[in-house]
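Here are my notes for your first look at this model. Keep the sequence and the structure open side by side as you read.

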Amino acid sequence: MNFITKKVLEFQYKKLEDSKKRLNQHLEKRESLTDSKEIEKIEKYIGIWKKNIAKIENEIKKIEDKES
């Protein structure tokens with residue numbers, strides 16, 4: 001694996017970790033809310049973060065498969 005690929009992979013793992021933290025923050029926030037409008041907003045964010053995590057994981061898999 002060359003230097004640039006390693007750096008890209010490191011960056012993707014960092015993005016994945018950050019995205020998972022954000023998702024967890026939204027999940028925790030959702031549990032403390034009682035207003036249905038606020039819960040709806042949080043649900044949208046949760047969906048977005050789940051999609052982002054899936055995209056990042058796919059990107060990581062592509063890079064690792066290409067380098068194997």
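**How the helices meet**

1. Helix α1 passes α2 in a left-handed crossing. Please keep in mind that this is a predicted model.

2. Two packed helices are described by the angle between their axes and the distance between the axes. Here the axes of α1 and α2 come within 9 Å. They cross at roughly 160 degrees. Angles over 145 degrees count as roughly antiparallel, and α1 and α2 are therefore roughly antiparallel to each other.

3. Now turn to the core. Nonpolar side chains tend to be buried together in soluble globular proteins. In this model, the largest nonpolar core has 10 residues. They are Leu-9, Leu-16, Leu-23, Ile-42, Ile-46, Trp-49, Ile-53, Ile-56, Ile-60 and Ile-63. Both α1 (3-32) and α2 (36-67) supply at least two residues of this core. Which helix gives the largest share? That is α2, with 7 residues.

4. Look at Ile-63, one of the core residues. Leaving aside residues up to four places away in sequence, Ile-63 touches Thr-5, Val-8, Leu-9 and Gln-12.

5. Finally, find Gln-25 in helix α1. Is Gln-25 buried or partly exposed? Its relative accessibility is 48%, so Gln-25 counts as partly exposed; the exposed class needs over 50%. From Gln-25 to Glu-40 is 15 residues in sequence. In space, their C-alpha atoms are 15 Å apart.

Definitions and conventions: Residues are numbered from 1 along each chain as its sequence is written. This is a predicted model: local features need pLDDT of at least 70, side-chain atom pairs count only at pLDDT 80 or more; totals for chains, interfaces and linings use all residues. Side-chain values use heavy atoms; hydrogens and water are left out. A nonpolar core is a set of buried Ala, Val, Leu, Ile, Met, Phe, Trp, Tyr and Cys residues joined through side-chain atoms within 4.5 Å. Buried means under 20% relative accessible area, exposed over 50%, partly exposed in between (1.4 Å probe, protein chains only). Helices (H or I, at least four residues) and strands (E, at least two) are DSSP runs, numbered from the N terminus. Contact means heavy atoms within 4.5 Å. Axes are lines fitted to C-alpha atoms, for helices over the stretch in contact, and angles run from 0 to 180 degrees between N-to-C directions. Angles under 35 degrees count as roughly parallel, over 145 as roughly antiparallel, 65 to 115 as roughly perpendicular and the rest as oblique. A crossing is left-handed if the near helix is turned anticlockwise from the far one by less than a right angle, and right-handed if clockwise.
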